[in-house]
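Here is a short report on how one chain is built. It goes from the overall layout to the core and then to a single helix.

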Amino acid sequence: MPVNAKLHGKEAEYILQNSGAGLVFTSPGLTEAVAATEAVVRCVDITGPDYAAALEAQPVAEPVFRAPEDLAWLFYTSGTTGRPKGVMITRESYVRRMQLILPSFTPLEDDVALAWTPSSFTVMVEEMFLPIL
């Protein structure tokens, strides 16, 4: 679940508490702020040794089956009431979205795709996955 780093600290803390996040990956400069909240069980800096060790870990032996109705992604909107709202996207929903978009996405072999959307916005998933489908 991406959290916009530009959010006010209280909004980010609310999102972490509301989502039930138990692990947060942060970039340098944000680790201390996130670790100071009451919401996080574990905070890992992506430039630190714990993250490097995770990248070197053995992959999962067998993929875990997920049903179409299982949660694929959780993101938070800014909320019209001033409090972020969690939106749950199922696997089936994203597969259908990709099936609708894919026919209009016809890159050539030498094309380059630019992903410019922050990870806290829903279209980031399309920007990330369409070029590799």
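Helices (H or I, at least four residues) and strands (E, at least two) are DSSP runs, numbered from the N terminus. On that basis, the chain reads α-β-α-β-α-β-β-α-α along its sequence. That is five helices and four strands. The model is predicted.

**Overall values**

| Property of the chain | Value |
|---|---|
| Box of the C-alpha atoms, along the principal axes | roughly 45 × 40 × 30 Å |
| Buried share of the 133 residues | 26% |
| Accessible surface | about 9,900 Å² |
| Carbon and sulfur share of that surface | 59% |
| Distance between the centres of positive and negative side chains | 10 Å |

The charged side chains number 9 positive and 16 negative. Among contacts with a separation of 6 or more, 37% join residues 24 or more positions apart.

**Cores**

The largest nonpolar core has nine residues: W73, F75, I89, Y94, M98, I101, M124, V125 and L130. Two or more of these residues come from each of β3 (71–77), α4 (91–101) and α5 (124–129). α4 gives the most, with three residues. A second, separate core has five residues, including L16, A21, V24 and A39.

**Helix α4**

Which residues of α4 are buried? They are Y94, M98 and I101. These residues cover an arc of only 65 degrees around the axis, so they sit on the same side of α4. Their cover includes β3, β4 (85–90) and α5. Beyond its neighbours within four places in sequence, I101 is in contact with E126 and L130. The face of α4 turned away from the buried side carries the exposed residues R96, Q99 and L100.

Conventions:
Residues are numbered from 1 along each chain as its sequence is written. This is a predicted model: local features need pLDDT of at least 70, side-chain atom pairs count only at pLDDT 80 or more; totals for chains, interfaces and linings use all residues. Side-chain values use heavy atoms; hydrogens and water are left out. A nonpolar core is a set of buried Ala, Val, Leu, Ile, Met, Phe, Trp, Tyr and Cys residues joined through side-chain atoms within 4.5 Å. Buried means under 20% relative accessible area, exposed over 50%, partly exposed in between (1.4 Å probe, protein chains only). Contact means heavy atoms within 4.5 Å. The arc is that of the directions from the helix axis to the C-beta atoms. Accessible areas come from the Shrake-Rupley method with a 1.4 Å probe; for residues, only the protein chains shown count as cover. Lys and Arg count as positive and Asp and Glu as negative; His and the chain ends are not counted. The place of a charge is taken as NZ of Lys, CZ of Arg, CG of Asp or CD of Glu.
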